[in-house]
Amino acid sequence: MLPTLGGRIQTRLFLLAVVGGIVTLIIGPLLPISAPLSVVYQDTFVILAAVAVLGTGWEFLYHFLMQWRWEKDWPTLFGLVTAIPEGVLVWLLLRAGAIPGIKGTVPTDAFVIDFAVVWLAVWLVANGPMRVPFIRWRFHGGRLV
Amino acid sequence: MIDQPTAGAGDAGSQGQQETVQRVRPAANEAVVVTAEPGAAPGSGDLTDELLRSDQWTDEMLRTAGIPVTDVPLVSVGGGIGSFVTVDYLRIAGVRTDRIAILSNLDFPWQTYQYLTRVSQIPRPERIRSDSASRPDNIWGFPSYALAEAIGDRTLAPLWQVLIEPIFADYYTPKAGRVFAGLEREAKRIEYSKMLVKGQVRMIRKRQGGGYFVILTPMVGSTPTKRLAYRAEFIHLAVGYPGLRYLPELQEFRTAHQDFHHVVSAYEEHEHVYEAARTKHLVVMLRGGGIVASRVLQRLMDDRAKHGLSTDIVHLFRTYITTSHGPNAWNRRKGAHGFAYQGFNYPKSVWGGQLKSEMRRLEGDQRAAKYKLMGGTNTPFRRRWQSQMKQGREAGWYRTMAGTVEEMRLDQGMIVSCVKTSAGLVEVPADFVIDCTGLEADIAEHRVLADLLEHSGVGRNPLGRLDVERTFELRGAGSGPGVVYASGATTLGGYFPGVDTFLGLQVAAQEIADDLARRGFCRRIGTFRSIRQWLRWARNKQP
């Protein structure tokens, strides 16, 4: 990807809301969480929102790190492996009870599946299909507006 | 002066050579002398004195000259990949074929590109230097070349390479043959041939009352008059490189000795060098440190290994890069052994990210300084080339040196270059010298551009090329509601740097199409149209 800081944030928020939202709806009932579906959805959507909110901060860090790259690009692999620090942070905050709105406990395996599937879907869409509906997106640093 | 193309002009080889290599180089900064062309008699169907002299033409002037006029709302001049990509966008935006005319001496848009890639050692099975998502045959860049190759060849290798590039693998780049095949398919899909009019464009002049006239010299015998005129509201100019120049000392040597065999340009046919290397021991001198030098070097090294040859290669760099270079830690490009390394011809983000955004805001000297920082000759770091060069350095058959050539002379059948190095003058004898520098000619050396500079009021940008707006509208060329757009190499130095690339042409095409939509020429491609049109592209249905 060839993002600007604004483009990074816009793309993240849009893709998490649309692609992340759809994927969360689909996988919610399949997650190994022994709680009513309404609770599962509440927890997974709160996690999704946390990834979006915290991610805005992460994007500042990524943008800063990108300045050391001559090409000022963000290789495809970076977009995938950044899932690890981001996922770990959300999980730690979850365990510390620092994410408001979570009901009960989200099991680690359910969290890993939820987080990984959403991340993978967002990453895949950002690296190709996104260019079909948004023909100007890739030339505008990932900005949608 | 004979300026009417004959049937032979369509031949790819001869056309490519004539268009790209300029054999006689005017002195530096010398203004191009345009000999006063005598006007033809009124009613002859040719350019009269009145037309040649006037900056603005009236409909009556064309009638008096007897030149037939055809009305087309948009004319694209050039007919190469720049015209193709722009017209592709417009067709996808819903413009009918009868509203566009492409005036060109090329039979198909990739003709010159195919010629240049072939002679500069990129035959169809080899990979060009272009990104996976830079598809001139697909305005969305999806599926990318890597995905298409993975599906077509039933292999995950291209996708894996895109995943780990450029950290753990070289950048993925598509094969030339795949690019040409895609262009051919898309040309058929958008009915490119219906819009193409063969001939040589002679000039573009403003029309009194708005719009423009484009004068075309059609193929000999194809029309009753020597000239045809196209009256258009919008002009798109994509004439490509105005021409290439030799290094001055190479040109002088060639002219003095009338030797076009031993001193060659990498951009013209030079297969005889590789053939000669297969028959006897040769010393070949390479000049230049860009992608073409790398390609020629690869061919020499490949042939050496494949046929067990003993070719010695002396590689002369004017600017010898020894290590990473740049003004500070966050602006440092990699380099070694003479080369500056960069995946593509500009840092990647000029095509859509941070650098594109920054450049868009810079004017004058600041923009020129940024171009200088990002510019300079460079070539990609490819693991295969690195291993071949290392082997050559260790075995002593590949030598690099830094310097400039003071003089070239013939001595016992060898071409001796007197190289001024930091250690003094060094004489380097070679059987062949291959110029891979790719110096570009001034835009005024292109006839249509020279006429435009003289008669329309267009100016030059900080790098001396055509001065375009962010929308690629040519500044100073407005004529009532009419607009001239320019894209490609002639606009280098503008608000967008990567103009002479596949993706750069698409960036320009998008800006032009959007500007034309604002002016009511076509519809702006929105989300739903884009999806619908992509589905048509995927099913190979007409737009």
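**Close-up 1. Helices H4 and H5 of chain A.** In this predicted model, the axes of helix H4 (residues 83-95) and helix H5 (residues 108-126) of chain A come within 11 Å and cross at roughly 145°. Axes are lines fitted to C-alpha atoms, for helices over the stretch in contact, and angles run from 0 to 180 degrees between N-to-C directions. Helices (H or I, at least four residues) and strands (E, at least two) are DSSP runs, numbered from the N terminus. Ala83(A), Gly87(A), Val90(A), Trp91(A) and Leu94(A) of H4(A) meet Phe111(A), Phe115(A) and Trp119(A) of H5(A), a contact being C-beta atoms, placed from the backbone, within 7 Å. This contact has 7 nonpolar, 1 polar and no charged residues; Ala, Val, Leu, Ile, Met, Phe, Trp, Tyr, Cys and Pro count as nonpolar, Asp, Glu, Lys and Arg as charged, and the others, Gly among them, as polar.

**Close-up 2. The open sheet of chain B.** Its 5 strands have the order E10-E19-E11-E12-E15, with parallel pairing; strands pair if DSSP finds at least two bridges between them. Strands E10 (263-265) and E15 (398-402) of chain B are the edges, each pairing on one side only. The twist averages 20° from one strand to the next.

**Close-up 3. Strands E12 and E15 of chain B.** Strand E12 (residues 312-317) runs parallel to E15(B), joined by 5 bridges. Phe317(B) stands opposite Ala402(B) in E15(B).

Residues are numbered from 1 along each chain as its sequence is written, and chains are lettered from A and ligands numbered from 1 in the order in which they are written. Local features need pLDDT of at least 70, side-chain atom pairs count only at pLDDT 80 or more, and totals for chains, interfaces and linings use all residues.

Notes. Two residues are in contact if their C-beta atoms, placed from the backbone, lie within 7 Å.
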